[in-house]
Amino acid sequence: MVFDPASIAARDPGGMLRLISLFPRMCTEAWSLASGVSPPPRPRAVVVAGMGGSGIGGDLLRAVLYEEAAPPVVVVKDYRVPGWVGPETLLFACSYSGETEETLAAYQEAAGRGARCVAITSGGSLLRRARERGDPAVVVPPGLPPRAALPYMFLPMVAILAAAGAVRSFDEDAAEAADVAASVAEELAPGRPENPARALADSLVGRLPLIYSATPLLEPAAQRWKDQINENAKTLAAWNTFPELNHNETVGWGLDPDLARRCHVVILRDPREPPRLARRVAITRDLAFCRAAGVDEVWARGRGLLARLCSIIVVGDFVSWYLALLRGVDPTPVPVIDELKRRLAQA
């Protein structure tokens, strides 16, 4: 397939490519959005309530702060919050539309228990309720598919926690993340020679993508890849992480050879991954993944974890876009989700 401007305009009428390409600029804008929010007192625990493209930011936050001297982060993708949530908890209520019913319910419950709450949204009921309660709100630009607004839904949480004294400053890390993401986006744009995102998408056509992170810290990136393939390319995918998959999923690779040949493995690698995990990846490739139709590795770039996560996420976003066009589907609309919400609203 030729990815010239005319064919892109015809196959991507919603402009998903443009939104993916704007990821680096969104990182810079997202970091500045938190400056207008008064930081809450340092919390003893952080809860992030959000679903889908609005909620993956919580998983990224948990990964970024995992090795930091920071309050524990719990991600809630449900109507309820944990029983221990109370006045010393900070809840980030993340809903791009402001109408996600699970997030609204979790926000109401946490607020009722005295938790300090910050809303991150483009508007809707969430913004209205936050203003009625006097809770701080990060108002992000409207009009985007939630999955395309990831920097807006993620980075302000890091900045707010730093301003609250709960974590160290991440100013330099955020600037590096935007720069690295810009380099990656430029390299993967249509028309660039030897485009690895296009090549990987070609390999995934007609196959089940299995996305594995080489370390638990890249786990949310693997989930993001899976989610983007689901929503943009409208096809199934699965994800898992080392070392956990060595205790269960590796055994599943003793499956029927015909089924194995329908699977394509993508391993997300971190240049700072521990040597013991690197050995696990190598051994597992030899023992199990040799049965797959193909195996590719994608390496994160940058020094800080923000840059490494953002760089590998941008690659996945481009891969999902190329795969969508190769499959002949419009990457932007998600009619099944829209219909589900419509029926829930009727009920």
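Trainee: Which helices each supply at least two residues of the lining of the largest pocket?
Mentor: This is a predicted model, where local features need pLDDT of at least 70, side-chain atom pairs need 80 or more, and totals for chains, interfaces and linings use all residues. Numbering runs from 1 along each chain as written, and side-chain values use heavy atoms, without hydrogens and water. Helices are DSSP runs (H or I, at least four residues) numbered from the N terminus. At least two lining residues come from each of H4 (52–65), H5 (101–112), H10 (219–233) and H15 (335–346).

Trainee: What volume does the largest pocket have?
Mentor: A pocket is an open set of points on a 1 Å grid where a 1.4 Å probe fits, with protein on both sides within 12 Å along at least five of seven lines; lining residues have an atom within 4 Å of a point. Here 31 residues line the largest pocket, and Gly-52, Glu-231, Val-334, Ile-337 and Lys-341 are the closest to its centre. The volume, the space filled by probe spheres, is about 930 Å³.

Trainee: Which element gives the largest share of that lining?
Mentor: By class, the lining of the largest pocket has twelve nonpolar, eight polar (Gly included) and eleven charged residues. Eight residues, the largest share, come from H15.

Trainee: And which helix gives the most to the lining of the second largest pocket?
Mentor: That pocket holds about 450 Å³ of space. Its 24 lining residues include Ala-63, Tyr-66, Glu-67, Leu-217 and Leu-305, the closest to its centre. Two or more come from each of H4, H10 and H14 (305–327). With four residues, the top contributor is H4.
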